[in-house]
Amino acid sequence: MSLKAQISEDMKNAMRAKDTARLGAIRLLQAAIKQREVDERIELDDAAVITVIEKMLKQRRDSITAYESANRTDLADVEKFEVTVLQTYMPKQLTDDEVNQIITQVIADTGASGAKDMGKVVTLVKPLVAGVADMGKVSGLIKARLS
């Protein structure tokens, strides 16, 4: 079953269960997917849907930080719930050890030796961890390793 079909099925199940919070989060996701399909005039595959979900997760995390700094825990809680719903559609995330192994291999392959080579390393690591690791975290690990 494709990811889009799974999302659609989960939306139907949330409607049947009258789970309005979950239904709202899934509808936001479907709207974002549909918007991208209309804008680009394409049918999104699973990899593209994961990219949409990653973008939505980043937006939610930024919102949580902003809401918590403004003492709006009610709004932060809504965003946290949406993050948990969105994460159910993401593939299993790599552990820090697995990410470090990938980074070590790419650094060895490229002969990167300092901060000047960070862009080259990030460019090669990104496709290897796309969808299964947070790129912000990965960039931080690469920067720490190269500096």
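Helix α3 passes helix α4 in a left-handed crossing, meaning that the near helix is turned anticlockwise from the far one by less than a right angle. The model is predicted, with local features needing pLDDT of at least 70 and side-chain atom pairs counting only at pLDDT 80 or more, while totals for chains, interfaces and linings use all residues. Residues are numbered from 1 along each chain as its sequence is written, and side-chain values use heavy atoms, without hydrogens and water.

**Helix pair**
- The axes of α3 (residues 46-69) and α4 (residues 73-87) come within 9 Å and cross at roughly 160°.
- The two helices are therefore roughly antiparallel (angles over 145 degrees).
- Residues in the contact (heavy atoms within 4.5 Å) include Ile53, Leu57 and Ile64 of α3 and Leu75, Val83 and Leu86 of α4.

**Salt bridges between the helices**
- The count of salt bridges comes to eleven (a side-chain nitrogen of Lys or Arg within 4 Å of a carboxyl oxygen of Asp or Glu).
- Glu79 of α4 and Arg60 of α3 form one at 3.5 Å, N to O, and are 19 residues apart.
- Glu79 has a relative accessible area of 12% and Arg60 has 10%, so both are buried (under 20%, with a 1.4 Å probe and protein chains only).
- Glu68 bridges to Lys80 with the closest N and O atoms 2.8 Å apart.
- Glu68 is partly exposed at 37%, and Lys80 is partly exposed at 35% (between 20% and 50%).

**Another salt bridge**
- Asp117 and Lys116 meet at 3.4 Å, N to O.
- Asp117 is buried at 11%, whereas Lys116 is exposed at 68% (over 50%).

Key. Axes are lines fitted to C-alpha atoms, for helices over the stretch in contact, and angles run from 0 to 180 degrees between N-to-C directions. Helices (H or I, at least four residues) and strands (E, at least two) are DSSP runs, numbered from the N terminus. Angles under 35 degrees count as roughly parallel, over 145 as roughly antiparallel, 65 to 115 as roughly perpendicular and the rest as oblique.
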